[in-house]
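Biologist: I would like to learn how to read a few features of this model. Please give the general idea, then the case here.

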Amino acid sequence: MLNYEKLKNQDQKIYQAIKNEEKRQAEEMELIASENYVSEAVLETMGTILTNKYSEGYPGKRYYGGQKFIDDVEKTAIERAKKLFKAEHVNVQPLSGSPANAAVYMAFLKPGDKVLGLKLDHGGHLSHGHPVNFSGMLYNFIQYEVNSETGRIDMENVRKIALKEKPKMIVAGYSAYSREIEWEKFKEIADEIGAYTFADIAHTAGLIAAGLLENPVPFFDVISTTTHKTLRGPRGAIIMSKEKWAQKIDRAVFPGMQGGPHDHITAAKAVAFGEALKSEFKEYAKQVIINAKTLSEEMKNFGFKIVSNGTDNHLIVLDLRNKKISGKEAETILDKIGISTSRSTIPNDPNPPMNPSGLRLGTPAITTRGMKESEIKKIALWIKEAIEFKNNEEKLKELKKKTKELCLSFPIYK
Ligand SMILES: *Cc1c(COP(=O)(O)O)cnc(C)c1O
């Protein structure tokens with residue numbers, strides 16, 4: 001691990017906060033579906049002198065001098081991403097998922113244009129039209145839903161709304177949806193009305209890159225993804241598209257949305273893509289899915305309800321209504337035993353978003369630590385017990401100790 005000697009001598013306050021967080025990550029368990037642990041190579045790259053450089057523009061056409069090495073870094077990131085996702089064009093500069101989506105909308109839409117996205121309490125993201133987000137303020141979002149019985153996206157419902165409303169763009173790809181997405185059906189519907197297809201694969205990009213989930217990149221107009229979730233790279237995002245939209249997208253990212261790219265992060269993206277191209281990453285991604293399916297089955301055996309009754313990817317959403325506990329309360333109890341999770345809405349949630357009825361659990365981070373089915377079975381039992389014994393401080397303490405022991409035997413950094 002990095003030793004932070006200089007920081008320690010210069011700034012005790014921040015040094016101490018980092019050390020505390022390092023200890024927390026080592027001793028506690030991360031079941032937040034959007035989190036992961038980057039490799040030490042990716043960590044090192046983020047901490048390099050590349051942060052000193054300004055590189056507005058693109059390789060070969062910059063607005064500042066001194067780019068001969070930076071261009072190479074950015075071109076490498078682009079080439080690796082193209083290979084990973086079979087993309088015709090890639091922009092590796094977006095600073096994070098939300099700014100990437102802002103650039104996508106800017107490239108294809110005018111303010112006020114109609115966009116069709118998933119209803120947010122059904123698993124969509126803030127940047128897919130939430131009223132408090134720029135997307136909901138600038139564009140006219142209308143919504144499709146998941147089927148309330150199956151918990152799956154109802155493609156007939158999507159088609160009906162699309163034909164009636166004729167949106168200019170259809171958005172697919174979600175933050176709390178555990179099933180395969182029928183990209184081809186989305187594409188067919190969009191073609192019927194001449195709409196753009198936009199896939200936001202922020203959550204599942206690593207599983208798609210590993211070839212385990214279907215890849216929309218070859219036939220959707222535009223695809224965005226964060227690089228820090230299942231893809232296990234630095235915090236950031238990329239946008240992919242067909243070659244014919246390359247210029248539109250590049251202009252929207254710079255100068256449309258952003259100034260200078262973060263070259264140290266671009267380099268770390270390249271390193272992470274290099275890792276994802278290796279066969280070990282495919283094995284990792286397979287285990288992520290096996291672990292999520294195991295967790296889903298174990299929780300079902302304990303009488304928990306799972307939205308859509310299972311999972312095809314890295315996450316599950318528990319519907320806690322039959323357990324007489326809210327998502328927020330469950331999140332707080334699990335925090336007490338050293339397990340981080342995130343409360344989540346469930347489709348047609350009777351409770352408000354701040355105190356929803358669901359809890360989202362994901363396996364990308366614990367799988368990076370090396371945990372497999374036998375560990376998942378223990379974790380499922382502890383989650384069940386923590387909820388069952390939520391008022392028993394002794395029991396919670398005992399569970400916290402077990403969590404810590406397990407985590408310490410699966411170190412993140414050796
Ligand atoms: C996480 C996520 C984003 C946003 O990413 P940030 O980097 O947090 O801005 C966008 N879309 C989806 C579907 C996500 O899950």
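Biologist: Where is the place of Lys166?

Modeller: This is a predicted model, in which local features need pLDDT of at least 70, side-chain atom pairs count only at pLDDT 80 or more, and totals for chains, interfaces and linings use all residues. Residues are numbered from 1 along each chain as its sequence is written, and side-chain values use heavy atoms, with hydrogens and water left out. Helices (H or I, at least four residues) and strands (E, at least two) are DSSP runs, numbered from the N terminus. Lys166 sits in the loop between helix H7 (155-165) and strand S7 (169-172).

Biologist: What is phi of Lys166 near?

Modeller: Most residues other than glycine have a negative phi, and most peptide bonds are trans. For Lys166, phi is near 45°, a positive value in a residue other than glycine.

Biologist: Which residues does a cis peptide bond join?

Modeller: Phe254 and Pro255 are joined by it, with omega about 10°. Pro255 lies in helix H10.

Biologist: At what angle do the axes of H5 and H10 cross?

Modeller: Axes are lines fitted to C-alpha atoms, for helices over the stretch in contact, and angles run from 0 to 180 degrees between N-to-C directions. The axes of H5 (residues 97-108) and H10 (residues 246-257) cross at roughly 120° and come within 8 Å. Contact means heavy atoms within 4.5 Å; among the residues that meet are Ala103 and Met106 in H5, and Ile249 and Val253 in H10.

Biologist: How many residues surround the ligand?

Modeller: A residue counts as near if one of its heavy atoms lies within 4 Å. The ligand is surrounded by 14 residues, and the closest are Ser96, Ser98, Ser175, Asp200 and Lys229. H5 gives the most to this shell, with three residues.

Biologist: Which atom of the ligand lies 2.6 Å from Asp200?

Modeller: A polar contact is a pair of N or O atoms within 3.5 Å. A nitrogen atom of the ligand lies 2.6 Å from a polar side-chain atom of Asp200. An N or O atom in the side chain of Lys229 is 2.9 Å from a ligand oxygen atom.

Conventions:
A polar contact is a pair of N or O atoms within 3.5 Å; within protein, one must be able to donate a hydrogen and the other to accept it, and residues adjacent in sequence count only if both atoms are side-chain atoms.
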